[in-house]
Amino acid sequence: LITERDKTFPFAYSSLKLLITGPASHYIYQPVVPTTVPYYIAKRLLLDRLIFAPAFLLLFFFCYEHPGGNWADFQSKVNSSYWPALKMNWKVWTPFQFININYVAVEFRVLFANMVALFWYAYLASVRK
């Protein structure tokens, strides 16, 4: 049975990827932390892991859990699933993002991340159940 959430998720999620995640993945790291800054490799990784990862994961939860639902359901889902998902995000994505934001050419970053994301989204789907 397809719920109202299942109908709105593709639009909400693709909008998130198109408007926020895609541009950020391509362009945000060099201007924010240029290579002339001391320890730029570590600073880029910390920026991604401590600022972008929590924000993008929260947006993911919002795109899927909130449309068609009420605010209390969304808060309950975030309270029960967000922290475990964020910790797993840090474990899984940190080594890949270290490579991606520091060594992969800008034009291939999204492709590299999408290869890892295939497995990551399978994990998120299992957490949802």
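Helices here are DSSP runs of H or I with at least four residues, strands are E runs of at least two, and both are numbered from the N terminus. Read that way along the sequence, the protein goes α-α-α-α-α, which comes to five helices and zero strands. Keep in mind that this is a predicted model, where local features need pLDDT of at least 70, side-chain atom pairs count only at pLDDT 80 or more, and totals for chains, interfaces and linings use all residues. Residues are numbered from 1 along each chain as its sequence is written, and side-chain values use heavy atoms, with hydrogens and water left out.

Let's start with the overall numbers. Buried residues (under 20% relative accessible area; exposed is over 50%, partly exposed in between, with a 1.4 Å probe and protein chains only) make up 35% of the 129 residues. The protein exposes about 7,900 Å², and carbon and sulfur atoms supply 72% of that; these areas come from the Shrake-Rupley method with a 1.4 Å probe, and for residues only the protein chains shown count as cover. As for contacts (heavy atoms within 4.5 Å), take those between residues at least 6 apart in sequence: 69% of them join residues at least 24 apart.

Now go inside. A nonpolar core is a set of buried Ala, Val, Leu, Ile, Met, Phe, Trp, Tyr and Cys residues joined through side-chain atoms within 4.5 Å. The largest one has 14 residues, and L57, F61, Y82, W93 and L124 have the most contacts inside it. Helix 3 (40-65), helix 4 and helix 5 (109-128) each supply at least two residues of this core, with the largest share, six residues, coming from helix 4.

Next, follow helix 4 (residues 71-103) to N102. N102 counts as buried because its relative accessible area is 14%. With residues up to four places away in sequence not counted, N102 touches Y40, I41, R44 and Q97. I101 is in helix 4 too, and I101 counts as buried because its relative accessibility is 1%. The C-alpha atoms of I101 and R44 are separated by 7.2 Å, although the two residues are 57 apart along the chain.

I101 brings us to the record. An unreviewed UniProt entry annotates residues 50-67 and 101-124 as "transmembrane region"; positions are given in the numbering used here, feature names are shortened, and annotations may be inferred rather than shown by experiment. In the model, residues 101-124 are 79% helix and 0% strand, and the end C-alpha atoms lie 23 Å apart.

What about charges? A search of the whole structure finds one salt bridge (a side-chain nitrogen of Lys or Arg within 4 Å of a carboxyl oxygen of Asp or Glu). D48 forms a salt bridge with R49, their closest N and O atoms being 2.8 Å apart, and both D48 and R49 are buried.

Finally, two stops on the outside. Y39 lies in the loop between helix 2 (29-32) and helix 3, and its phi is near 60°, a positive value in a residue other than glycine. Y39 counts as exposed because its relative accessibility is 69%. L18, in helix 1 (residues 4-27), is exposed as well, because its relative accessible area is 64%.
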